[in-house]
Amino acid sequence: MEEQIKSGIYHERQRLQFCLLHALNNLFQEKVAFSRTDLDGIAEELNLDDPTPVNWNPISVVFKPHHNLFTGNYDVNVLIASIERKGKNIVWHDRRNGASSISFLDGSEDDGLMGIVLNIPVKRYGGLWKNRHWVSLRKINGVWYNLDSDLKAPIAFEDVHEVRVFLDSVILAGGEILLVMNGKQQD
């Protein structure tokens, strides 16, 4: 995995379809916050816990319900379980509301928002391949950064307004916004 540390900011680059792995490590700012083995194990646990298991067929050896054995391509269930293992929780932003309704963007990490994970639609190979891509945003030393593993380096946002404009563009493109909150949600 190619990674870089620019001005103390950890940034992993994209490899195969392991964007969730890269997004999580970028979000937590750690090279080994999670490994491929960790995420594969979580995906397998989710399979075992599923009350309606998928019937086995030869293709299910590679294309498992929560990930692809060879390329990754982990689903949102793996994201949620991973985040919860780190003592955080996910709040799914209601896309009917704009980014202006995310009040935590102005505050500090102490206010509860650890970071943001996006799931955005992407087209590759001239639009022949449509897929989704995981991206992390995080406020580091008072500055919000786009830590997308497809980027050569993290991109700093000018201010909170620019973050909101970016998030609104994600919503318009059909993306999902997941807020990563400090502490587990109380039942």
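**Close-up views of a predicted model**

**View 1. Helices α1 and α3 are roughly parallel to each other.** Angles under 35 degrees count as roughly parallel, over 145 as roughly antiparallel, 65 to 115 as roughly perpendicular and the rest as oblique. Here the axes of α1 (residues 19–28) and α3 (residues 76–85) cross at roughly 30 degrees and come within 11 Å. Axes are lines fitted to C-alpha atoms, for helices over the stretch in contact, with angles from 0 to 180 degrees between N-to-C directions. The crossing of α1 past α3 is right-handed, a term used if the near helix is turned clockwise from the far one by less than a right angle. On the α1 side, L20, L24, L27 and F28 make the contact, and on the α3 side V78, L79, S82 and I83 do; contact means heavy atoms within 4.5 Å.

This is a predicted model, in which local features need pLDDT of at least 70 and side-chain atom pairs count only at pLDDT 80 or more, while totals for chains, interfaces and linings use all residues. Residues are numbered from 1 along each chain as its sequence is written, and side-chain values use heavy atoms, leaving out hydrogens and water.

**View 2. The largest nonpolar core has 23 residues.** Such a core is a set of buried Ala, Val, Leu, Ile, Met, Phe, Trp, Tyr and Cys residues joined through side-chain atoms within 4.5 Å. Buried means under 20% relative accessible area, exposed over 50%, and partly exposed in between (1.4 Å probe, protein chains only). Look for L24, F28, L39, L79, I83 and W134, which have the most contacts inside this core. At least two residues each come from α1, α2 (36–49), α3, β6 (113–124) and β10 (176–182), and α1 gives the largest share, seven residues.

**View 3. L24 and its contacts.** Setting aside neighbours within four places in sequence, L24 is in contact with F34, L39, L79, S82, I83 and S136.

**View 4. N25 is a buried residue of helix α1.** Its relative accessibility is 0%. Not counting residues up to four places away in sequence, N25 touches Y10, E12, E30, K31, V32, A33 and F34. The C-alpha atoms of N25 and H11 are separated by 8.0 Å, and these residues are 14 apart along the chain.

**View 5. The whole protein has four helices and ten strands.** Helices (H or I, at least four residues) and strands (E, at least two) are DSSP runs, numbered from the N terminus. Of its 187 residues, 43% count as buried.
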